[in-house]
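Me: Please take a close look at one residue in this model and the parts around it. I would like one connected account that I can follow with the structure open.

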Amino acid sequence: MNELLAVITITVLAVISPGGDFAMVTRNSYLYGKRAGVITALGIASAVWVHVGYTLLGVSVLLLQSPWLFNLVKVFGALYLIYIGISTFRHRVLMSNLTAESAVLPDKQAFKNGFVTNALNPKTTLFVLSTFSQIINPKTPLTVQLGYGVFMSAAHLLWFGMVAVMLSTPRIRTGLLSRQIYVNRVIGLILCALGAMLLLSSAD
């Protein structure tokens, strides 16, 4: 029971803490609407299984013993965040609500945004590695460990799905769109700053 409570507590705290996933869902939800935001959240939740998968397969040992490999993951993640940040900063302004409604992000691209952001997110890597290596008992059955993975993925989907729904409601979205040039620049700068911090940390 203590193991379960620890996994639940750490997962909830890790999911709701601000980061690249949150910024990506925010970006897609207010620019393209609820569908794009929810599909982005689905991409994030799916990518959690990348981290759970290599952890259960033992690749986590390789990552922990080969700092250069972990740094390489951080660099790729950082460059992707910077690329999206620059794109958001320079995103063309949607001039009206009618134009905004016609602005559609393909489902495949929305899913890819979420999946890549999380798959290359060192925060999720560290969260999953630390949870499985420090909290879960080596004798914990594989089925239970897979159950923890299901919970981690579901927690990401639930939280970011809620964020997407909230930010895409007509009142909030209209308010954001009316100030979108500033919102775009703030979100773009946040994404670039997160990417820059990752690059700096990988250089240490």
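**Arg 27 and its surroundings**

Reply: Leaving aside residues up to four places away in sequence, Arg 27 touches Ile 84, Thr 88, Asn 113 and Ile 187. The model is predicted, and these contacts are a place to start reading it. Arg 27 itself sits in helix 2, which covers residues 20-32. Arg 27 is buried but takes part in no salt bridge. Asp 21 is the nearest side chain of opposite charge, and it is 13 Å away. A salt bridge would need the charged atoms within 4 Å. What the side chain of Arg 27 does make is a polar contact with the side chain of Asn 28, at 2.7 Å.

How many salt bridges does the structure hold? It holds one, and its partners are Asp 107 and Arg 35, with their closest N and O atoms 2.6 Å apart. Asp 107 belongs to helix 7 (residues 107-119) and Arg 35 to helix 3 (residues 34-56), so the pair ties together parts 72 residues apart in sequence. Arg 35 counts as exposed because its relative accessible area is 57%. Asp 107, with 32%, is partly exposed. Arg 27, by contrast, is buried.

The C-alpha atom of Tyr 30 is 9.0 Å from that of Gln 180, although 150 residues separate the two along the chain. Gln 180 is part of helix 11, residues 180-203. Gln 180 counts as buried because its relative accessibility is 2%, and the cut-off for buried is under 20%.

The UniProt record, an unreviewed entry, places the feature "transmembrane region" at residues 39-64, 71-89, 146-169 and 181-200. In the model, the span 146-169 is 92% helix and 0% strand, and its end C-alpha atoms lie 35 Å apart. Helix 9 (residues 142-167) has 26 residues and reaches 38 Å from its first C-alpha to its last, close to the 38 Å expected at 1.5 Å a residue. Among the buried residues of helix 9 are Gln 145, Tyr 148, Met 152, His 156, Phe 160 and Leu 167. Leu 142 is also in helix 9, but Leu 142 counts as exposed because its relative accessibility is 52%.

Key:
Residues are numbered from 1 along each chain as its sequence is written. This is a predicted model: local features need pLDDT of at least 70, side-chain atom pairs count only at pLDDT 80 or more; totals for chains, interfaces and linings use all residues. Side-chain values use heavy atoms; hydrogens and water are left out. Helices (H or I, at least four residues) and strands (E, at least two) are DSSP runs, numbered from the N terminus. Buried means under 20% relative accessible area, exposed over 50%, partly exposed in between (1.4 Å probe, protein chains only). Lys and Arg count as positive and Asp and Glu as negative; His and the chain ends are not counted. A polar contact is a pair of N or O atoms within 3.5 Å; within protein, one must be able to donate a hydrogen and the other to accept it, and residues adjacent in sequence count only if both atoms are side-chain atoms. Contact means heavy atoms within 4.5 Å. UniProt positions are given in the numbering used here, feature names are shortened, and annotations may be inferred rather than shown by experiment. The expected span of a helix is 1.5 Å times one less than its number of residues.
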